[in-house]
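Welcome, and please open the model in your viewer. We will go from one selection to the next and say what is there.

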Amino acid sequence: MHGEYKIPGGKLVVVDVEVEDGVLRHVRVAGDFFLEPDEALDAVDRALEGVPASTDAAGLAARIEAALPEGTVMYGLTAEGVAVAVRRALAEATDWTDYDWQLVREGPQPPALHMALDEVITAEVAAGLRPPTLRVWEWASPAVIIGSFQSLRNEVDPEGAARHGVEVVRRISGGGAMFVEPGNTITYSLSVPESLVQGLSFQDSYAYLDDWVLGALADMGVRAWYQPLNDIATDQGKIAGAAQKRMVGHAGRPGAVLHHVTMSYDIDADKMLDVLRIGREKLSGKGIGSARKRVDPLRRQTGLSREAVIDRMVASFAARYGLAEGTVGEDELTRAHELAREKFSSPEWTARVP
């Protein structure tokens with residue numbers, strides 16, 4: 001069994017392992033990390049030899065830590081990262097480069113249709129009818145997108161939303177409310193087979209699915225990192241928030257994961273505050289005294305146009321994993337329009353948590 005794991009902010013860890021009589025055998029750890037002293041690598045392999053294959057990542061990491069020679073120094077490597085690579089090997093997880101990725105980047109569309117397209121495209125990936133897809137959104141109008149489990153009245157001021165012509169829609173993933181305006185927001189979705197995140201915890205899958213964008217930002221001069229559970233941040237503040245939805249497969253298929261991210265290229269903080277009800281408890285929990293300081297836009301940090309930022313992100317993804325131009329199929333678009341009308345535009349869905 002073969003497993004690979006790119007440690008967020010670190011290096012690639014590769015594990016080859018066999019299972020005999022329910023325990024790990026012939027474990028070999030490799031990668032492009034740095035490790036001193038040399039014998040530490042043998043210690044890692046020995047620590048995993050004979051361990052029950054059912055051992056979780058935390059248990060594997062503890063054994064590795066206990067076995068390391070005194071004074072061991074790791075660069076781009078952690079015991080937890082090795083453990084995750086082992087779990088991915090045992091789960092027969094796939095890698096980014098195992099797929100022919102498709103890019104969907106089309107013109108502006110209404111907020112409710114974007115919600116529907118996420119659901120339809122991810123369901124198609126789960127059914128094996130579409131390759132893993134990176135979809136870059138363009139917004140036709142301003143909107144507030146609330147999480148699947150948020151209270152509508154607690155998150156949105158209806159008078160403020162009406163005053164600014166802001167539509168409120170509810171997405172299928174959890175997480176917090178996002179305020180978006182055309183030209184000020186960068187939003188993308190990844191619809192991927194569940195096998196891509198096999199062996200990862202829910203939390204680790206967030207960082208794993210956005211490691212590529214951290215690299216793209218670094219190339220633009222922005223040092224960013226994942227701030228658990230679902231924020232992308234810099235030393236200047238938050239720049240993005242992520243959310244996920246897992247979809248169950250059918251007829252024995254493994255299912256798919258929807259992972260979507262909204263990034264602030266620019267922001268009208270006064271308008272946002274007039275539309276969103278951002279409570280003091282949420283701000284204090286972030287260690288921030290003002291909502292205006294919660295988000296630091298990419299426009300200021302990169303000095304690039306919004307289109308240039310998106311182009312560089314797409315180019316970075318393509319360079320890493322390959323990316324072919326694609327489109328939303330006619331049948332997919334028909335289903336998305338139906339779903340947008342019947343579900344995502346309906347008061348029953350939008351106010352399902354009043």
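What follows is a short tour of a few residues.

This is a predicted model, in which local features need pLDDT of at least 70 and side-chain atom pairs count only at pLDDT 80 or more, while totals for chains, interfaces and linings use all residues. Residues are numbered from 1 along each chain as its sequence is written, and side-chain values use heavy atoms, with hydrogens and water left out.

**Stop 1.** Select Asp 231, found in strand 13 (residues 231–234); strands are DSSP runs of E with at least two residues, helices runs of H or I with at least four, both numbered from the N terminus. Is Asp 231 buried or exposed? Asp 231 is buried, because its relative accessible area is 5% (buried means under 20%, exposed over 50%, partly exposed in between, with a 1.4 Å probe and protein chains only).

**Stop 2.** Next, pick Arg 163 in helix 6 (residues 158–163). Arg 163 counts as exposed because its relative accessible area is 52%.

**Stop 3.** Finally, go to Glu 39 in helix 1 (residues 39–48). With 47% relative accessibility, Glu 39 is partly exposed.
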